[in-house]
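Dear colleague,

I am passing on the structure we spoke about, and below it I have set out what turned up when I went through it. Please read the notes with the structure open beside you.

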Amino acid sequence: MLNKVEILSAKNDCSDFSFGKYEILQINTTNCGDKGISVGEKSDLKIGKSFIDKSNIGVAVKDSSYTKIQSSKQINTNTCFAAYRKKQEFVGGYLKVKKTNCNKDSYVEQIGSKIYFN
């Protein structure tokens with residue numbers, strides 16, 4: 001478990017989680033070239049609070065991964081949430097977001113993947 005993660009600038013993804021089980025109480029990302037938070041390849045990620053500023057995609061969950069976020073605040077992102085399959089050896093991604101400032105139309109959900117809001 002990580003208490004706090006802060007990434008101030010990255011040319012590609014600010015954070016990238018693969019093949020593992022992770023828990024983060026708070027994550028802040030700023031100036032991400034592509035994704036603020038990228039989760040893939042059978043990963044399980046739980047996040048308490050996330051703040052994402054200036055990224056193409058705020059949170060991307062793909063390739064048989066599951067992510068649960070209690071609270072997500074995003075500003076200056078093109079797409080808040082995305083769930084999809086990137087690699088053929090996996091199935092889609094699953095994302096559950098309890099609280100967010102994003103509009104529910106600011107997400108991409110590929111067939112075989114699912115994003116839940118509640």
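In which strand does Ile 7 lie? Ile 7 belongs to strand β1, which covers residues 2-7. Before going further, please keep in mind that this is a predicted model, and that the values below were computed from it.

Ile 7 and Ser 15

Ile 7 has a relative accessible area of 18%, and because the limit for a buried residue is under 20%, Ile 7 counts as buried. When its neighbours within four places in sequence are left aside, Ile 7 is in contact with Cys 14, Ser 15, Asn 28, Thr 29 and Thr 30. Asn 76, by contrast, is 69 residues away from Ile 7 in sequence, and the two C-alpha atoms are 16 Å apart in space.

One of the contacts of Ile 7 is Ser 15, which has its place in strand β2 and is buried, with a relative accessible area of 6%. A polar atom of the Ser 15 side chain lies 2.9 Å from the backbone oxygen of Gly 36. Beyond the neighbours within four places in sequence, the contacts of Ser 15 are Ile 7, Ile 27, Lys 35, Gly 36, Ile 37 and Ser 38.

Salt bridges

How many salt bridges does the structure hold? There are 5 salt bridges in the structure. Side chains of opposite charge can pair when their charged atoms come close. One of these pairs joins the side chains of Lys 35 and Asp 13, at 3.7 Å from N to O.

Another salt bridge is formed by Lys 4 with Glu 6, where the closest N and O atoms are 3.9 Å apart. The side chains of Asp 44 and Lys 46 also meet in a salt bridge, at 4.0 Å from N to O. Asp 44 is partly exposed, with a relative accessible area of 22%, and Lys 46 is likewise partly exposed, with a relative accessible area of 33%.

Ser 55

Is Ser 55 buried or exposed? Ser 55, which lies in strand β5, is buried, with a relative accessible area of 6%. A polar atom of its side chain lies 3.1 Å from the backbone oxygen of Ile 57. Apart from neighbours within four places in sequence, Ser 55 is in contact with Cys 32, Asp 34, Lys 35, Gly 36, Asn 76, Thr 77 and Asn 78.

Strand pairing and a surface patch

Strand β6 (residues 66-84) pairs with strand β7 (residues 94-100) in the parallel sense, over 6 bridges, and within this pairing Ile 69 has Val 97 in β7 as its bridge partner. Strand β7 pairs in turn with β9, again in the parallel sense, over 4 bridges. In β9, the bridge partner of Val 97 is Phe 117.

Which residues make the nonpolar surface patch of about 360 Å²? The patch is made by Tyr 66, Val 91, Tyr 94 and Tyr 116. Tyr 116 is found in strand β9 (residues 114-117) and counts as partly exposed, at 41% relative accessibility.

Two positive phi angles

Most residues other than glycine have a negative phi. Lys 42, however, has a positive phi, near 60°; Lys 42 is found in the loop between β4 and β5 (44-62), and its relative accessible area of 57% makes it exposed. Ser 64 also has a positive phi, near 65°, and lies in the loop between β5 and β6, where Ser 64 is partly exposed, with a relative accessible area of 25%.

Technical notes
Residues are numbered from 1 along each chain as its sequence is written. This is a predicted model: local features need pLDDT of at least 70, side-chain atom pairs count only at pLDDT 80 or more; totals for chains, interfaces and linings use all residues. Side-chain values use heavy atoms; hydrogens and water are left out. Buried means under 20% relative accessible area, exposed over 50%, partly exposed in between (1.4 Å probe, protein chains only). Contact means heavy atoms within 4.5 Å. Patches are made of residues with over 30% relative accessible area and no salt bridge: like charges are joined within 9 Å, nonpolar side chains (Val, Leu, Ile, Met, Phe, Trp, Tyr) within 5 Å. Accessible areas come from the Shrake-Rupley method with a 1.4 Å probe; for residues, only the protein chains shown count as cover. A polar contact is a pair of N or O atoms within 3.5 Å; within protein, one must be able to donate a hydrogen and the other to accept it, and residues adjacent in sequence count only if both atoms are side-chain atoms. Two strands pair if DSSP finds at least two bridges between them.
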